[in-house]
Amino acid sequence: MKLVTYLSGNEERLAMLCGELFYDIANLHPSLPSAMQSFLEGWDDFYTLAMQSKPTGTGIPPDNVTLLSPIPRPRSLRDGYAFRQHVAAARRNRGVDMIAAFDEFPVFYFGNHLSVQGPGDIHCMPDHFEKLDYELECAVLICRKGTNIPAAQADRYIGGLMIMNDMSARTLQMEEMQLNLGPAKGKDFSSVLGPWLVTTDELQVYETSCKPGHTGKSWNLQMTAAVNGILLSKGKLSDMDWTFAELIERASYGVTLYPGDVIGSGTVGTGCLLELNGTGKREDPQYKEKWLRPGDKVDMEITGLGKLHNTIIPQSTPWSILNQKKTYVTATL
């Protein structure tokens with residue numbers, strides 16, 4: 001089942017993609033809620049009812065709707081660091097050894113769950129264009145409430161998968177991470193989810209074994225990212241070392257996860273310009289860095305999950321926080 005959130009006038013509506021058309025959830029069954037968050041909160045009943053129902057009425061062509069994030073306002077947004085290939089390449093490009101702690105436990109950071117958006121324009125401030133980057137990821141949407149969830153049981157808390165583009169303003173990010181806290185402003189402005197949520201039953205054909213020594217489901221899904229039609233990033237979701245189940249186990253330790261929480265995979269190997277630029281410069285001193293510019297079109301595609309399209313739009317303003325650095329003199333007593 002593929003679920004989307006779309007705009008009908010000024011109202012956010014939940015719909016199902018059937019074939020090539022969207023059908024408002026009300027055309028499946030009158031008892032189904034009109035919003036994704038409500039659907040998730042009654043997941044066990046509503047999921048079964050939706051699976052048993054057939055769409056009625058007239059379907060909506062995709063070109064006639066404005067898609068939002070499948071979950072427009074997640075309860076929370078956590079993003080993992082689950083692909084060893086990406087971590088190792090990024091550290092190698094910085095001239096440092098692979099960190100042993102990566103193989104000891106999964107980690108994540110909290111993103112801005114209220115800056116989540118779906119397909120369409122990404123509006124960026126001038127400072128964002130100082131090394132503006134995409135990040136090719138996958139995310140899961142939590143569909144059941146749980147605390148201290150063992151990894152062996154965690155997959156049942158996953159409602160479905162969706163593409164995630166974790167946008168990054170690298171200059172802002174690197175500036176603040178010098179203080180060993182973050183990322184914050186460098187990731188604050190946009191995280192993109194979509195185009196729809198694909199429930200796990202539809203992905204059973206792609207299930208494969210996770211990495212040795214790990215626990216949880218893995219899916220053999222090809223992942224690609226292209227900018228202006230040029231393929232730049234390519235990987236597989238099955239390359240994840242830490243599984244979503246293991247991320248859920250750690251995230252839920254001493255904390256309650258709720259329906260509507262989002263957990264990202266982290267960046268797949270080769271899945272961002274920061275990594276590609278670092279590798280390019282390491283292999284060729286004459287390599288010229290590439291970053292996203294105004295008007296660029298970013299297309300991400302994951303097998304079974306669809307294609308997520310965004311266009312980078314500049315905001316016209318002279319305002320800059322990179323120019324707001326202050327120098328304080330500490331008095332010596």
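Begin with the largest cavity, which holds about 50 Å³ of space. A cavity here is a set of points, on a 1 Å grid over the protein atoms alone, where a 1.4 Å probe fits but cannot get out. Points are joined across faces, edges and corners, and the volume is the space filled by probe spheres set on them. The model is predicted: local features need pLDDT of at least 70, side-chain atom pairs count only at pLDDT 80 or more, and totals for chains, interfaces and linings use all residues. Residues are numbered from 1 along each chain as its sequence is written, and side-chain values use heavy atoms, with hydrogens and water left out.

**Stop 1: the lining.** Select Cys210, Lys217, Ser218, Trp219, Leu237, Met240, Thr243 and Phe244; they line the largest cavity. Lining residues have an atom within 4 Å of a point. Five are nonpolar, two polar and one charged. Nonpolar covers Ala, Val, Leu, Ile, Met, Phe, Trp, Tyr, Cys and Pro; charged covers Asp, Glu, Lys and Arg; the others, Gly among them, are polar. A search of the whole structure finds one cavity of 30 Å³ or more.

Stop 2: Buried means under 20% relative accessible area with a 1.4 Å probe, protein chains only.

**Stop 3: Leu161.** What does leucine 161 touch, not counting residues up to four places away in sequence? Its partners include Cys138, Val140, Trp196, Trp219, Leu237 and Leu305. Contact means heavy atoms within 4.5 Å.

**Stop 4: Ser252.** Move to the loop between helix 6 and strand 19 (256-257), where serine 252 sits. Serine 252 is buried, with a relative accessible area of 0%. Leaving aside neighbours within four places in sequence, serine 252 contacts Gly146, Thr147, Asn148, Ile149 and Leu257.

**Stop 5: zoom out.** Colour by secondary structure: the protein has seven helices and 22 strands. Both are DSSP runs numbered from the N terminus, helices being H or I of at least four residues and strands E of at least two. The C-alpha trace spans about 70 × 50 × 50 Å along its principal axes. Of the 333 residues, 51% count as buried.

Notes. 1 Å grid on protein atoms, 1.4 Å probe; cavity = no way out; pocket = protein on both sides within 12 Å on 5 of 7 lines; lining within 4 Å. Buried < 20%, exposed > 50% of the residue type's maximum accessible area, 1.4 Å probe, protein only.
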